[in-house]
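Please prepare a short briefing on the structure shown below.

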Amino acid sequence: MKYSHRLSDAVHVLVYLDIHGSNSSSAIADSVNSNPSLIRRLVAAMVKAGILERSGPRGEITIRLTRPASEVSLRDIYHAVEDHLEFLNVDQEVNHSDPLGRCMPDVLGRSYDQVQEAAEKAMAQISLQSIIDQVKNEIN
């Protein structure tokens with residue numbers, strides 16, 4: 001299974017913007033250990049979702065939050081940048097002629113839905129500001 005790093009990279013971008021204030025995709029990419037094009041794609045997704053806004057003339061673009069960091073949740077960021085929102089996926093490639101195989105995807109799917117709901121509820125309680133504060137405490 002391939003794991004996505006979009007959420008952690010997007011949060012990293014937002015914390016970087018808060019702490020360093022730099023809008024340089026190259027500088028941010030260096031901190032994330034990624035490439036500037038990924039940073040620009042993440043920023044674009046967060047702009048589209050209304051988390052960030054861009055302003056200024058070309059070459060001097062400023063990127064900033066559209067609301068206080070205390071009002072941006074981890075779930076908001078997750079929904080902005082992830083293509084597949086499900087944490088767990090049920091294998092649908094089962095033997096549908098077998099009674100167990102036939103019912104397993106639905107039964108397991110309901111359990112996975114509970115996990116997803118609980119995780120997203122917890123993510124909604126974690127603000128970007130709390131992550132920024134923790135990072136600042138770790139740096140100092």
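The buried residues of helix 3 are Leu 38, Ile 39, Leu 42, Val 43 and Met 46, where buried means under 20% relative accessible area, exposed over 50%, and partly exposed in between (1.4 Å probe, protein chains only). They lie on the same side of helix 3 because they cover an arc of only 135° around the axis; the arc is that of the directions from the helix axis to the C-beta atoms. The model is predicted: local features need pLDDT of at least 70, side-chain atom pairs count only at pLDDT 80 or more, and totals for chains, interfaces and linings use all residues. Residues are numbered from 1 along each chain as its sequence is written, and side-chain values use heavy atoms, with hydrogens and water left out.

**Helix 3 and its surroundings**

- Helix 3 comprises residues 36-48, 13 residues in total, and reaches 18 Å from its first C-alpha to its last. This is close to the 18 Å expected at 1.5 Å a residue, the expected span being 1.5 Å times one less than the number of residues.
- On the other side of helix 3, Arg 41 and Lys 48 are exposed.
- The cover over the buried residues of helix 3 includes helix 1 (6-20), helix 2 (25-32), strand 1 (52-55), strand 2 (62-65) and helix 4 (74-81).

**The nonpolar core**

- The largest nonpolar core has 30 residues, of which Val 13, Met 46, Ile 51, Leu 52, Ile 77 and Leu 128 touch the most other members. Such a core is a set of buried Ala, Val, Leu, Ile, Met, Phe, Trp, Tyr and Cys residues joined through side-chain atoms within 4.5 Å.
- At least two residues of this core come from each of helix 1, helix 2, helix 3, helix 4 and helix 6 (128-139).
- Helix 1 gives the most to this core, with 8 residues.
- Not counting residues up to four places away in sequence, Leu 52 touches Leu 14, Leu 17, Val 43, Met 46, Val 47, Ile 63, Arg 64, Leu 65 and Thr 66; contact means heavy atoms within 4.5 Å.

- Ser 73 is located in the loop between strand 2 and helix 4. Ser 73 counts as buried because its relative accessible area is 7%.
- Leaving aside neighbours within four places in sequence, Ser 73 is in contact with Met 123, Ala 124, Ile 126 and Ser 127.
- Ser 127 belongs to the loop between helix 5 (99-124) and helix 6. With a relative accessible area of 17%, Ser 127 is also buried.
- The contacts of Ser 127, not counting residues up to four places away in sequence, are Ala 69, Ser 70, Val 72 and Ser 73.
- Arg 67 is placed in the loop between strand 2 and helix 4. A relative accessible area of 26% makes Arg 67 partly exposed.
- Apart from neighbours within four places in sequence, Arg 67 is in contact with Gly 50, Ile 51, Val 72 and Asp 76. Arg 67 and Gly 50 are 17 residues apart along the chain, and their C-alpha atoms are separated by 9.1 Å.
- Asn 33 is found in the loop between helix 2 and helix 3. Phi of Asn 33 is near 65°, a positive value in a residue other than glycine, and Asn 33 is exposed, with a relative accessible area of 70%.
- His 5 sits in the segment before helix 1 and counts as exposed because its relative accessibility is 52%.
- A separation of 16 Å lies between the C-alpha atoms of His 5 and Asp 76, which are 71 residues apart along the chain.

**The chain as a whole**

- The chain has 6 helices and 2 strands. Helices (H or I, at least four residues) and strands (E, at least two) are DSSP runs, numbered from the N terminus.
- The order of the elements from the N terminus on is α-α-α-β-β-α-α-α.
- Along its principal axes, the C-alpha trace spans about 60 × 30 × 25 Å.
- Of the 140 residues of the chain, 29% count as buried.
- Among the contacts in the chain with a separation of 6 or more, residues 24 or more positions apart account for 56%.
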